[in-house]
Amino acid sequence: MSHLMITPGIKQDMIVEFLECLDEGVHIVNVEGNTIYYNKVASQLDGMPADEVIGMHVLEAFPSLTHKSSTLLSVLKTGQALEEREQTFMNRKGKRVTTINRTIPLRSKGKVVGAAEISKDLTRMKELSDQVLHLQERIRHPRGAREQEVKRFYSFDDIVTQNPLMLREIERARRAARTHSPVLVIGETGTGKELFVQAIHRDSPRRDQPFIVQNCAAIPASLLEGILFGTARGAFTGAEDRPGLVELADGGTLFLDEIHAMPIDLQAKLLRVLEDGQVRRVGGTELRSFDVRVIVATNEDPLLSIKEGRLRQDLYYRIHVVGIHLPPLRERPEDITCLTHYFFRKLKGQWHSPVNRIADEVMEAFVRYDWPGNVRELEHTVEGALNLALEEELQLVHLPRHFQAIEPTQVIRMKGSGGCLREMLWDVEARLIREALEEAGGNVLQAAKRLGIPRQTLQYKLKKLKRG
């Protein structure tokens, strides 16, 4: 390895030791394109021993690359850094490798004397994304079958709720389903965004056409563009002519989840595609028309995302033609009870569990809990409890530890009485509730304020009163 310019007091072997500790591959070449440094991770990534690569020209070490496709040689030629550039090549063992590279020129006295590259391995992620596109394409164009197998989508009837706000949003979504307008679904994680999206597609004129889903946070930014818009042969080494999700969804619905996680520059390209109704594959020149209904979801307040630079304002106006806002479960106390019983019946029926009832203390703990994970957390909590319960009643002991902080009322038998303290306290509590409701004219919220308890707690107690 040639000598590097080192600040006094810092030795060259210290720099090398640091570079060897990195999790990324590091490849440095001189101005002729010959390798002068190649760390252990790069060696593992490319499947080539470092001593074979040191001193070798880039194109000799990686014959599948060209002067145009090699990021190192491109930087040597232009003197301009490359950020987040995807590169696919064949290593000397014949294995296809995909990396995302950051490549910078090395200068001395203003003159380019070499180039350094830091690479992250995306091979497995690229393979998985290619498989996803291949499967989506097979679904879009099935072979040997006249009709696609119809996937069961959720319908609006599958949404379990008694909450007025949720019922209003369901009605808005039903109306939107009959149109072709873009829809933005806003709600915290676990509130049921995809359930709504599937129901919209199922109720729409596009119900028999493709329904394509992509989570924008699940794929590295460097791969997402090709997945969405497709690739043209020669766009980069190993690139093939392949349609993206926009083309595969033609005639149907494209659902983009966590839109705020999409890189800002890619949001600009998406906006242009949506405005024009045409898409150009990465590396291609041909414009392809499409007819897609776009539904987008986010678990953040979009106005906050805009303010903090995660969402383009112009894209927001384009996708927010119809807005569906799903309130979190903590703001839907009446849904906690009905959802708990719904999941209880559903899961109990699947497992033939011996449990046939839920203890009052469990329901009270559920009503008082904030449910940061929303409906999804509630379902998993019921599922976990049914896994542990062997008795006829689902009890606090079967719940995760943080639920057990709400202890059930102690049952203490009163001397010389036919009842117990628990029953006597409940009689007093029931009388106070009735009086508060009467004074509040039947208004539950006002009655709860008079009693000094949360409205959801009062609603739970009212249901208990109705059961006798």
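Predicted model: local features only at pLDDT ≥ 70, side-chain atom pairs only at ≥ 80, totals over all residues.

Reader: What is the mean pLDDT of the chain?

Author: pLDDT expresses the predictor's confidence in each residue. Here the mean for the chain is 82, and 83% of the residues reach 70 or more.

Reader: Where does pLDDT stay under 50?

Author: One such stretch is residues 1–10, for which the model has 12 contacts beyond four places in sequence. Another is residues 408–421, with 15 such contacts.

Reader: Is Gly323 buried or exposed?

Author: A residue is called buried when its relative accessible area is under 20%. Gly323 has a value of 5%, and therefore counts as buried. This residue belongs to strand S12, which spans residues 322–326.

Reader: Which residues does Gly323 touch, leaving aside those up to four places away in sequence?

Author: Gly323 touches Glu169, Arg172 and Leu184.

Reader: What is the volume of the second largest pocket?

Author: The volume is about 750 Å³. Of the 29 residues that line this pocket, the closest to its centre are Gly190, Thr191, Gly192, Leu195 and Arg376.

Reader: Which element gives the most to that lining?

Author: Helix H8 does, with 5 residues. Elements that give two or more residues also include strand S7 (211–215) and helix H16 (374–388). By class, the lining holds 12 nonpolar, 7 polar and 10 charged residues.

Methods: Residues numbered from 1 in each chain as written. Heavy atoms only, no water. 1 Å grid on protein atoms, 1.4 Å probe; cavity = no way out; pocket = protein on both sides within 12 Å on 5 of 7 lines; lining within 4 Å. Points joined across faces, edges and corners; volume = space filled by probe spheres on them. Helix = DSSP H or I, 4+ residues; strand = E, 2+ residues; numbered from the N terminus. Nonpolar A, V, L, I, M, F, W, Y, C, P; charged D, E, K, R; others polar. pLDDT = per-residue confidence, 0-100. Contact = heavy atoms within 4.5 Å. Buried < 20%, exposed > 50% of the residue type's maximum accessible area, 1.4 Å probe, protein only.
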